[in-house]
Amino acid sequence: MSSFLRPAVPGPHDPTATAGAPAPVMATATATATLGRIPAQYRPISSHLAIAPPVSVVIPAMNEAKNLPHVFGTLPEWIHEVVLVDGNSTDDTVDVARGLWPGVKVVKQAGKGKGDALISGFAACTGDIIVMVDADGSADGQEIVSYVSALVGGADFAKGSRFANGGGTDDMTPIRKLGNRVLCGIVNAKFGARYTDLCYGYNAFWRHCLDSITLDCTGFEIETLMNIRVVKAGLRVQEVPSHEYLRIHGMSNLRAVRDGLRVLKVILREKGVRRAARRGPVLGLNSPRGEVT
């Protein structure tokens, strides 16, 4: 079943707020509340809703300076931190990000590829919840509240879907739709999943999920790898309807045939990987972590 919650008007952002109790809780907005005997610091989302777990947003970006004003403009003010992973941009991506979101944590990517960038970003996060957002303007940051709602409601991994009821896309060619549908069907059949979408990068999860999966790929296939391994690890997955918009500026590095074959290779490889062999340290880093500034 999909989760959907219309975003409320965000309350004022408190940069001095600190993370409190680790328990996932949605509650009436108050400055401080008590869960049993455990005090919890709440971040107000609206006059009627607040959240205790701190939320980190990871944005991998390479030469996305023109898109960042839109991306950052849609992010809720109540999130705990923004981690921007810079893929050695030659434009002023980093300066623009710092101007838009004072306190943004910038990670200089050491390797190459989206998967490598996300792994570096995850390692730099301090929030209990991690949200993956693309830097091309295709994702609406106001949907983050729906992902968080699914997680605090009991899910381990909130998976965005453009094809669940309430979702949609403005940015998929017929060949990409067909490829996504075929690959999604293979994953469902081979791993017992019930996904409606596979190759989509807007997802969120509790940070503890990284203790149960190993991330060891560098390209766009990172999302498929995560989708497969959370199912194999027995984690609870809930799809969240999401609308994908057109990239605002620039050209995508995604290549349908090339990256589709890489996704298929991951699927075939994972079918032969036993659960015991997959478990490892957090992130299972095979590449050096980026420098945080």
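In the predicted model, Ile-130 stands opposite Phe-205 of strand E12, within a pairing in which strand E9 (residues 129-132) and strand E12 (residues 203-206) run in the antiparallel sense over four bridges. Both strands belong to an open sheet of eight strands, ordered E13-E10-E12-E9-E6-E7-E8-E15, in which the pairing is mixed. Strand E13 (237-241) and strand E15 (291-292) stand at the edges of this sheet, and because each has a single partner strand, one side of each is left without a neighbour in the sheet.

Two helices that pack on the sheet were examined in turn. Helix H2 (residues 93-100) touches strand E6 (55-61), strand E7 (81-86) and strand E8 (105-108), and the direction of H2 makes about 170 degrees with that of E7. Helix H6 (residues 222-232), which also packs on the sheet, is in contact with E9, strand E10 (157-161), E12 and E13, and the direction of H6 makes about 135 degrees with that of E10.

Helix H5 (residues 174-191) comprises 18 residues, which at 1.5 Å a residue should span 26 Å, and the distance of 26 Å between its end C-alpha atoms agrees with this expectation. The buried residues of H5 are Asn-180, Leu-183, Cys-184, Val-187 and Phe-191; these cover an arc of only 105 degrees around the axis and therefore lie on the same side of H5. On the other side of the helix, Pro-174, Ile-175, Arg-181 and Ala-189 are exposed. Just after H5, Gly-192 adopts a positive phi of about 75 degrees.

Conventions
Residues numbered from 1 in each chain as written. Predicted model: local features only at pLDDT ≥ 70, side-chain atom pairs only at ≥ 80, totals over all residues. Heavy atoms only, no water. Expected span 1.5 Å × (residues − 1). Buried < 20%, exposed > 50% of the residue type's maximum accessible area, 1.4 Å probe, protein only. Arc of directions from axis to C-beta. Pairing = 2+ DSSP bridges. Contact = heavy atoms within 4.5 Å. Axes fitted to C-alpha atoms, helices over the stretch in contact; angles between N-to-C directions.
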